[in-house]
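Work through the exercises below with the model at hand. Each task is followed by its solution.

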Amino acid sequence: MKIAAALTGQSFSGRGSYTAKQFYFNLLKYLLLVLGVLIVILPLLVVIFTSFKSDVEYTQTSVFQLPASFLNFENYYKAFTQGEFILAFGNSFIIVLFGVIGNVAFGSMTAFCLHRFDFKLKKVINGIYYLSAIVPTMCLQVSIYSLLKSLGVINTYLAPLLLYATTDIVMIWIYMQFLDKIPKSLDESAMIDGASYFKIFRSIIFPLLTPATATIVILKAITIYNDLFTQVLYMSRQELRTVTTALIIFQGDRINAQNLMSAGIIWVMLPTVILFLVLQKYIFSGITVGAVKE
Amino acid sequence: MNYKTQKQILLTTFLFIPLLMLFTFLIYPTLKLVMMSFTNWDGVMPDFRWVGWSNYQAVFETPEVWLSLKNNGIYFINGLVQNGLALMFAVILASKLRGRNLFKATLFLPYIINSAAIAFMFNYIFDFERGPINFILVALHLEPIRFLSDANIVTFSLAGVSLWRYFGFTMVIYLAALQSIPNELYESAKVDGANAWKLFRHITLPSIHRIIELNLFLTLSGSLRAFEEAWVMTNKGGPGYASSTFMTYIMRSAFDFNNYAFAAALSVVLLIMVVIATIIQRKLVLRS
C-alpha cells in the first residue's frame, strides 16, 4: 500500500508492518529527489564559488574547489560598477513598475466589466482575448517592430512599457476567478445606498481583489524583470540597459574573466530569488491558476 | 445619474484603453504581418512591390528553415522527456514525504531566474576548457565534449538548459492537479481490491488527463517558440546555423539581413503551426 500511496500521490492509512519493499521504495524516492535537487543546485554553486575567487585563484584552482574566502567581494564590486548596474537596476525597476501598474489597472478594470456586466460587445471582446491566448506575440515581433519604429518609440522607455502594459489574458483569468468569489449582493447593497459603479469598483471590489493583485504583481514583476526578448530588441541603447541586457553588454566587454562574470550573474539572479523565497505562496498559486485555466 | 447611463460610461472608460492596446499590438500587427509577407519590403525603404507567394516559396526552399525546424523538433522531444520526468517527480512529491516543500521550492527555483543569467551560467557550465562538466569527464579519463561548438551536439545542450529551466514549472502544475484528486476515489477503489498500478492507470491518469494535454500543448508551442538560449548562448544560433531555431532565424532575417518580407512569411508559417497545435489541443479537451 505504501507503493500505491507513492504511485497515486495519496496517503494511505499505514496498517501492517514496514516491509523491506517499502523501505527500498522510499529510499528510491529520496534518491531521485536528491538527484534532482543536485542538478538544480550544482550549476548555481559553481557560479557562486567562482564569483568569490580572485583572478589568480580562478586560474589556479579547479571549478569545484571552494574559494579561499567567501568574504572576497571584489568581483561583486567590480561587476556592479563596470557593468553599470545602478543604471541597469534603475531601468529594470522603471519598466517593472509601470508594466505592473498597467497590468493591474487594465486587468482589474477589464475583468470587472466582463464579469459583472452584460453588453453587446462582450462576445466580441471575449473572442479577441481568446485569440490573444492563441496568437503568441513573439510571432508578431517583426510587424510590431515596424509599428513601434513608425511611432518613433524604439530605444525609449515607451516601447517596452506599451508592450508590457498590454494586459495578457492570464491576468484577466486570475481576476475573474477572484471575482467569482465576491458575491454580487455586495454590489447590490452598495447600489441601494446609492453608490456609483465607479465607487463600487474603487472602494469595494478592488480592495477585495487584493490577493489576486498581489499574485499578479509578483508574477508580472518576475516575468518583466526576466524578459530578454523585448529588452534586447527595443532597448539596445546604452543608457537604456536593463539588468538583463547589462549582462550581455558586460560579457561582450570582458569575455575571459569568468569570476567577474559569475559575480554579475549572481547580481542579476538575486532580486527574483529573494522575492521567490519570501513570496512562494503567491507565486505557486498564481502559476497554477493561470495554467490550469488555460 | 441612473445606472444604465453609468454602465455605458463605465464600460467605455474602463475598456477603451485595454481594447485600444489589444487592437494596436495584437490585431493590427497580425494583419500587417500577413500583408507584409506578400511584398518584397526590406524594412528600410518606404516603397515595396507585391510579390504573391514567392516569400512562402522561399521559406520552403531555404535549407536553414528546415534545419531550424528540425532543431525546434529537438526542443519538442526534449520537452516530452521533461513532461515524463515532471510527472514522475510530481507523483513522488504528492505522496507523504519529509521536506516536501523544500524539494518542491528547490526544483521550481530555476523557473524564476533571469534568462540572461541562466544563459551565461550555462555558458560557463558548458565551457570546453574550464567548465565543470568537462572537468568531471577529464577526471574520469573521458573525452571532453564541445557542448556549444560541435554542430551535432549544440542544440541538445541548449535544449538541456531549457529542461533545467522549465522542469519545475511543469512539475508544479502536475502536482497541483494530483493534489486536487479527491481521496475518496482511491479509498473506494482500494475496497474493490485495486493494486497500485491499477489505481494509477484508472484513477490518477484519467483525473489529470486534461492537465497532461495542457502541459503537452505548452511544450509544443513553447518548443516552436524556442529562442532565448540560442540567441544568447550560441550567438544567434551558431556555429553557422547549427543551433538556429525558427524564432532566431526570423529575427536574423529581419534585423541582420533586412529581409523583412521573408521574415514576415516565416512568422506567418510559425503562427499557423502554433494555431494548429492550439486547435488540436482544444479539440482534444472538448472530446473528453
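The exercises concern a predicted model and cover a helix pair, a nonpolar core and a chain contact.

**Exercise 1.** Determine how helix 5 of chain A and helix 9 of chain A are oriented to each other.

Solution. 
1. Take helix 5 (residues 85-116) and helix 9 (residues 169-181) of chain A; their axes come within 9 Å and cross at roughly 50°.
2. The crossing of helix 5 of chain A past helix 9 of chain A is right-handed.
3. On the helix 5 side, the meeting residues include A:Asn103, A:Gly107 and A:Leu114; on the helix 9 side, they include A:Met171, A:Tyr175 and A:Leu179.
4. Sorted by type, the residues of this contact are seven nonpolar, five polar and no charged.

**Exercise 2.** Describe the largest nonpolar core and the surroundings of one of its residues, B:Ala90.

Solution. 
1. The largest nonpolar core has 154 residues, and A:Ile265, B:Ala90, B:Ala117, B:Tyr174 and B:Leu266 have the most contacts inside it.
2. Helix 7 (residues 154-179) of chain B gives the most to this core, 15 residues.
3. Leaving out residues up to four places away in sequence, B:Ala90 touches B:Met171, B:Tyr174, B:Leu175 and B:Leu178.

**Exercise 3.** Characterise the side of chain A that touches chain B.

Solution. 
1. Count the residues in the contact: 77 come from chain A and 78 from chain B.
2. On the chain A side, helix 15 (residues 258-293) of chain A supplies the largest share, 15 residues.
3. By type, this side of chain A divides into 54 nonpolar, 21 polar and two charged residues.

Methods:
Residues are numbered from 1 along each chain as its sequence is written. Chains are lettered from A and ligands numbered from 1 in the order in which they are written. This is a predicted model: local features need pLDDT of at least 70, side-chain atom pairs count only at pLDDT 80 or more; totals for chains, interfaces and linings use all residues. A nonpolar core is a set of buried Ala, Val, Leu, Ile, Met, Phe, Trp, Tyr and Cys residues joined through C-beta atoms within 7 Å. A residue is buried if 20 or more other C-beta atoms lie within 10 Å of its own, exposed if 12 or fewer, and partly exposed in between; C-beta atoms are placed from the backbone. Helices (H or I, at least four residues) and strands (E, at least two) are DSSP runs, numbered from the N terminus. Two residues are in contact if their C-beta atoms, placed from the backbone, lie within 7 Å. Axes are lines fitted to C-alpha atoms, for helices over the stretch in contact, and angles run from 0 to 180 degrees between N-to-C directions. Angles under 35 degrees count as roughly parallel, over 145 as roughly antiparallel, 65 to 115 as roughly perpendicular and the rest as oblique. A crossing is left-handed if the near helix is turned anticlockwise from the far one by less than a right angle, and right-handed if clockwise. Ala, Val, Leu, Ile, Met, Phe, Trp, Tyr, Cys and Pro count as nonpolar, Asp, Glu, Lys and Arg as charged, and the others, Gly among them, as polar.
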